[in-house]
Amino acid sequence: MTRRKRSGAARPDRGPSASGARLWTWLMLPGTLWMTGFLLASLVLVATLAFGTTDPLGNPRFGLDFDNITTLADPAYSTVLLRSLGYALLTCAICLAVAYPVAYTIALHGGRFKNALIAAIVVPFFANYLVRMYGWSVVLSDDGPLLRALRAVGIADEDTKILQTGAGVVAGLVYGFIVFMIIPLYAALERMDTSLIEAGRDLYGGPLRTFFFVTVPATRQGAAAGCVLVFLPAMGDFVSAQLMGGPDQIMIGNLIQDKFFQGQNWPLGSALTMLLMAALFLGMLGYLRRTRKDEAEAAR
Amino acid sequence: MTRRAERRPRFAIAVTVLFFALLYLPVGVVVLFSFNAQKSLTVFEGFSLRWYEAFFHDDVLLDSLGMSLQVSLVAMAGSLVLGVALALGLVRARSQLGSFAGLVMLVPLITPEIVTGVAAMLLFKGTGITLSTGTVMLAEITFSISYVTVILRSRIAALNPEVEEAAMDLGATRRQALRLVTLPALLPTILASAVLIFALVFDDFVLAYFTTGVDPQPLSVRIYSAIRFGVQPTINAVGTLMLLGSAALIVLALAIPRLFGRRGGLDLLSGK
């Protein structure tokens, strides 16, 4: 808003500013056309094919058919969708529970090592997702280091398994996406006015009370952003369920992958993709309503 | 500014230490067992470079490595050209196209990769294009434009437009001002995002998986098919090399602003 006024005042002469506007539009055009042509067109294609059919040879056919949509109502699919939702939500909760102490320690007690510590979290995250998942599956394997350590201290016994269970899938998702939770939480904690914490202490709040009644409310926008950033990729993931879970642990991403690569039923795969998008859209809607409410409260 | 007066939250510190241990344990396992003399993934039986040797004699993996490098370079160049221009336009233009473009470039960031992957695959197959190295490049460019634009947008918005206007008052055309004033000021950020895009595309799996043809396949797709069929010690060696490569690139991307005297660069750490 302010820039509009300022540059308007700085260039009262119409000529150059009009040619300038044209230059900016020309600069924007190729990228916009590219993104529209590829991205939007391809997403529209998925949405359309969801109403298509497969001919006897297995080739996809466009049409206006609701068979795929009714197929989705099959309990087999809703079970997988509900499981995916459950795993993704559990992943968010665990990420939140781990990320708060980590971000808190670094932001408020990191001192001059703050940036180095955050970089130490970010760097492995950029390493190949599959290699990290693979290493994680080795760590969690039945005779891997983690279970051996747990057995040694008596927490786990010989039959305890992590891989091939739902816990393994969630562990994979947490490991894969926890950085998305730590970064926004860290940013929120860094911005937070720490005198609030002191005030909480002065009012005889214990560490836990101060944390839940002062720190969490002050940083809930960072937490909400982190939840969205973890929830989105966790819902769509198919690597974790494949490497860490058994056949009865599949998520909606595995179903989509299967319909496109093994099942060769692209219309049904498209319908499943749209179902995933719908589930995520509802989640996003909840997030937006929450943040709007927060903003409205802040404005008051 | 840590206030020493405040008690150290022992519980939070314990969680943090445990977190770092678990964060690096899988990476450490991959690196350690890449030097294992035997095939085992649980028992270390002596130091050996045989899995590295196996990798450098594996033509299929080497072809994949070459393809991944090619794809990353092309995607980096393509998305930089389109993304830098798009970001400049987005910040400076005040038009309907601008608000539309602003929305479109956000789509890949709020869509799970599996959806964009499926969509890109359907687009190629639907238009009769055979999946190949080229289709991976096209898909990766599309995805990377968003990153370039997001990174550069805030940097361009932080630039003082009056410097550009001063150049124009001194007789430069708008285009000259852009080329001689604005782009040099953005150079550190552009270089840092170039390195970042290269690393992201090289490591990308999901999009590459849906848009690649049969031969050659990107390295990450090869790794995926290898680890689905059980223990493959060569993958530890490839993985270690990839870890080293990505780590070096990310450290480089973070260090670029320092090399330029702290102007611009990546704002990874503030979480914005």
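Visitor: Why is Phe213(A) called exposed?

Guide: Phe213(A) has a relative accessible area of 63%, and exposed means over 50%, buried under 20% and partly exposed in between, with a 1.4 Å probe and protein chains only; therefore Phe213(A) counts as exposed. This is a predicted model, in which local features need pLDDT of at least 70, side-chain atom pairs count only at pLDDT 80 or more, and totals for chains, interfaces and linings use all residues. Residues are numbered from 1 along each chain as written, chains are lettered from A in the order written, and side-chain values use heavy atoms, without hydrogens and water.

Visitor: Where is Phe213(A) found?

Guide: Phe213(A) is in helix α11 (residues 207-218) of chain A, a helix being a DSSP run of H or I with at least four residues, numbered from the N terminus.

Visitor: What makes α6(A) and α11(B) roughly parallel?

Guide: The axes of helix α6 (residues 129-140) of chain A and helix α11 (residues 219-228) of chain B cross at roughly 25° and come within 9 Å. Angles under 35 degrees count as roughly parallel, so α6(A) and α11(B) are given that name.

Visitor: Which residues of α6(A) and α11(B) make the contact?

Guide: Leu130(A), Val131(A) and Tyr134(A) of α6(A) meet Ser220(B), Ile223(B), Tyr224(B) and Ile227(B) of α11(B), where contact means heavy atoms within 4.5 Å.

Visitor: How many residues does the contact take from chain B and chain A, and how many salt bridges are counted?

Guide: The contact takes 93 residues from chain A and 96 residues from chain B. The count of salt bridges between chain B and chain A is 0, the criterion being a side-chain nitrogen of Lys or Arg within 4 Å of a carboxyl oxygen of Asp or Glu.

Conventions:
Helices (H or I, at least four residues) and strands (E, at least two) are DSSP runs, numbered from the N terminus. Axes are lines fitted to C-alpha atoms, for helices over the stretch in contact, and angles run from 0 to 180 degrees between N-to-C directions. Angles under 35 degrees count as roughly parallel, over 145 as roughly antiparallel, 65 to 115 as roughly perpendicular and the rest as oblique.
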